[in-house]
Amino acid sequence: MKKEKLTIIIAGCIIGVIASLLVLFGNPTNMGYCIACFLRDTAGALGLHRAEAVQYIRPEIIGLVLGSFILASVKKEFLPRGGSSPLTRFVLGFFVMIGCLMFLGCPFRMILRLAGGDLNAVFGFLGFFVGILAGIFFLNKGYSLKRTYKMPVVEGGLFAGIQVAFLVLLIAAPSFIFFTAADGGPGAKHAAIAISLIAGLIVGALAQRTRLCMVGGIRDAVLFREWKLLLGFLAILISALVCNVILTAATPGVYFKLGFAEQAIAHTDGLWNFLGMVLAGFGCVLLGGCPLRQLVLAGEGNADSAITVIGMMIGAAFAHNFGLASSGNGPTFNGKVAVIIGIVVVAMIASLNTFRRSEK
């Protein structure tokens with residue numbers, strides 16, 4: 001047990017440093033590694049939305065899935081499976097992304113924003129915690145999306161194959177793939193493809209090895225008083241913070257800036273930062289893991305997690321096509337309505353898969 005905790009802490013430290021250094025190499029500030037933002041950028045590059053500021057196939061996502069796939073295969077943990085309420089998972093993934101884009105970041109970026117001094121992320125964390133508590137309530141009442149089933153190897157490996165295809169499209173850059181113009185927004189800020197891909201491979205392998213999951217960490221701490229997964233994210237926070245402070249000594253005000261105002265790709269509306277992450281946390285508990293964990297599971301052959309990730313990408317496209325995503329100026333009216341609808345829909349899904357199940 002002690003060795004396992006040490007492994008998680010070391011992995012968290014490495015991931016935190018990688019996320020911070022990715023900003024140094026070109027990724028957006030406080031967004032060295034953001035699952036929601038990078039899935040959104042990839043969706044834009046594929047033409048699923050036309051927000052020109054956020055269109056780029058992110059190699060970090062490709063590397064994350066392939067890193068998990070490779071290590072799982074080597075360790076004989078590649079287990080193709082699925083069939084556990086896939087459409088429900090799609091819908092949950094869709095609304096998790098709506099919540100993340102209200103806050104402007106996934107749970108991973110929430111930690112990185114804190115490490116960069118962005119105090120708006122405190123409201124996000126509080127909302128995330130409340131959302132997880134809501135999910136735990138239903139878990140304790142018997143919530144379940146039913147069992148998974150063994151699937152063919154081809155089915156389990158298909159999502160990893162899709163990532164390889166995305167990598168080919170990124171390198172070949174055909175005319176039908178969209179890329180944000182230079183200085184055109186966050187999509188134009190990225191590290192070199194090789195650096196991003198290697199970073200993704202490392203993070204994917206470490207996350208697969210340690211089962212890192214922000215949602216799982218808080219859930220396990222509340223339900224079982226088991227803190228080891230949270231130690232990993234605490235290590236990410238501390239290592240990224242230390243790295244940011246060191247980098248800020250050379251470039252003041254870029255990597256670490258304490259406060260609420262003028263934070264990179266963030267807004268100061270505390271209520272909607274809170275509610276956006278309530279939705280994200282609630283949905284993630286019902287899914288059984290945060291966006292990072294869903295990608296790792298997809299790499300291990302879990303087709304249900306792959307469907308969840310596709311739901312997130314469609315959610316990101318929907319958010320930008322219909323003006324639901326926040327910006328540095330704050331949340332939109334449409335976005336606020338979507339978050340409220342999302343909380344209601346997720347609560348209905350939780351109830352139907354808990355109390356109705358109990359009655360039967």
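## A residue of helix α2

In which helix is Leu39 found? Leu39 belongs to helix α2, which covers residues 35–45; helices (H or I, at least four residues) and strands (E, at least two) are DSSP runs, numbered from the N terminus. The model is predicted, so local features need pLDDT of at least 70 and side-chain atom pairs count only at pLDDT 80 or more, while totals for chains, interfaces and linings use all residues. Residues are numbered from 1 along each chain as its sequence is written, and side-chain values use heavy atoms, with hydrogens and water left out.

Leu39 has a relative accessible area of 2% and is buried. Here buried means under 20% relative accessible area, exposed means over 50%, and partly exposed lies in between (1.4 Å probe, protein chains only). Leaving aside neighbours within four places in sequence, Leu39 is in contact with Ile61, Met97, Val309, Met312 and Met313; contact means heavy atoms within 4.5 Å. The C-alpha atoms of Leu39 and Val122 are separated by 23 Å, and the two residues are 83 apart along the chain.

## The packing of α1 and α10

Helix α1 (residues 2–24) packs with helix α10 (residues 228–250) at an angle of about 35°, and their axes are 7 Å apart. Axes are lines fitted to C-alpha atoms, for helices over the stretch in contact, and angles run from 0 to 180 degrees between N-to-C directions. The crossing of α1 and α10 is right-handed. A crossing is right-handed if the near helix is turned clockwise from the far one by less than a right angle, and left-handed if anticlockwise.

Residues of α1 that meet α10 include Glu4, Ile8, Gly12, Val17 and Leu24. On the side of α10, the residues that meet α1 include Lys228, Leu231, Ala235, Cys243 and Leu247.

## Salt bridges

How many salt bridges are counted? A salt bridge is a side-chain nitrogen of Lys or Arg within 4 Å of a carboxyl oxygen of Asp or Glu, and the count comes to eight. One of the pairs is Lys228 with Glu4, at 2.8 Å from N to O. This pair links distant parts of the chain, as Lys228 is in helix α10 and Glu4 is in helix α1, 224 residues apart. Lys228 counts as buried because its relative accessibility is 18%, whereas Glu4, at 37%, counts as partly exposed.

Arg211 and Glu77 also form a salt bridge, at 3.2 Å from N to O. Arg211 is in the loop between α8 (193–210) and α9, and Glu77 is in the loop between α3 (59–74) and β1 (81–82); the two are 134 residues apart. Both residues are partly exposed, Arg211 at 33% relative accessibility and Glu77 at 24%. Salt bridges that share partners join Glu77, Arg81, Arg211 and Glu300 into one network.

## Helix α9 and the residue after it

Helix α9 comprises residues 214–224, and its buried residues are Met214, Val215, Gly216, Gly217, Ile218, Asp220 and Ala221. What covers them includes α5 (107–115), α6, α10 and α11 (270–287). Asp220 has a relative accessible area of 13% and forms a salt bridge with Arg219, with the closest N and O atoms 3.1 Å apart.

Arg225 follows α9 and is placed in the loop between α9 and α10. Although Arg225 is not a glycine, its phi is positive, at about 55°. Arg225 is exposed, with a relative accessible area of 59%.

## Two buried loop residues

Gly116 is in the loop between α5 and α6. Is Gly116 buried or exposed? It is buried, with a relative accessible area of 2%. Not counting residues up to four places away in sequence, Gly116 touches Asn30, Asn244, Tyr255, Phe256, Lys257 and Gln263.

Asn30 is placed in the loop between α1 and α2. Asn30 is buried, at 7% relative accessible area. Its phi is positive, about 60°, although Asn30 is not a glycine.

## A nonpolar surface patch

Val122, Phe123, Phe125, Leu126, Phe129, Leu133 and Phe260 form a nonpolar patch on the surface, with about 550 Å² of accessible area together. Patches are made of residues with over 30% relative accessible area and no salt bridge; like charges are joined within 9 Å, and nonpolar side chains (Val, Leu, Ile, Met, Phe, Trp, Tyr) within 5 Å. Accessible areas come from the Shrake-Rupley method with a 1.4 Å probe, and for residues only the protein chains shown count as cover.

Phe123 lies in helix α6 (residues 120–140). Phe123 is partly exposed, with a relative accessible area of 33%.
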